[in-house]
Amino acid sequence: MATKFDPDGGAQLQERKEKLKPPPMYKVLLLNDDYTPMEFVVSTIQKFFNKSREQATQVMLKVHRQGVGVCGVYPKDVATTKVDLVTEHARAHQHPLQCTMEEDG
Ligand code: TYC
């Protein structure tokens, strides 16, 4: 409805809202390797991705069998921090586990 204070009845606001996209989300991925112990991968997924032991085991087995698996999907800054923390944790324990991220969708 057009009024003295809003002559176009909110049309400009509506236009801007329609162009606003939600921020892109990023998948955090684990990659398989031949050396990192399965137990270390499971405990790492539990620790950094807030998963139960059962959920973490499923993700670990998927990575082990298929080469890659998704641990979670997050905004870019959160995903970047998770990749850095997991990589640091793996290196601190001298495992070659690789964690990376890619845009979702
Ligand atoms: N393939 C490893 C092994 O047999 C286990 C493993 C699973 C390593 C997942 C990395 O992201 C990984 N010990």
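**Entry 1: ligand shell.** I looked up what surrounds the ligand and found L30, L31, N32, D33, T36, M38, V41, M60, V63, H64 and L97; a residue counts if one of its heavy atoms lies within 4 Å. This is a predicted model, in which local features need pLDDT of at least 70 and side-chain atom pairs pLDDT 80 or more, while totals for chains, interfaces and linings use all residues. Residues are numbered from 1 along each chain as its sequence is written, and side-chain values use heavy atoms, without hydrogens and water.

I sorted the shell by class: seven residues are nonpolar, three polar and one charged. Gly would count as polar, and Asp, Glu, Lys and Arg as charged.

**Entry 2: polar contacts.** I listed N or O pairs within 3.5 Å. An oxygen atom of the ligand is 2.8 Å from a backbone N or O atom of L31. A polar backbone atom of D33 lies 2.8 Å from a ligand nitrogen atom. The side chain of H64 has an N or O atom 2.9 Å from a nitrogen atom of the ligand. The protein buries 89% of the 350 Å² that the ligand exposes when taken alone (Shrake-Rupley, 1.4 Å probe).

**Entry 3: elements.** I took helices (H or I, at least four residues) and strands (E, at least two) as DSSP runs, numbered from the N terminus. β1 (25-31), α2 (38-49) and α3 (53-66) each give the shell at least two residues; α3 gives the most, three.

**Entry 4: α2.** I noted F40, V41, V42, T44, I45, F48 and F49 as buried in α2, meaning under 20% relative accessible area. Their cover includes β1, α3, β2 (68-75) and α4 (76-92), by heavy atoms within 4.5 Å. After α2 comes N50, with a positive phi near 50 degrees.

Notes. A polar contact is a pair of N or O atoms within 3.5 Å; within protein, one must be able to donate a hydrogen and the other to accept it, and residues adjacent in sequence count only if both atoms are side-chain atoms. Buried means under 20% relative accessible area, exposed over 50%, partly exposed in between (1.4 Å probe, protein chains only).
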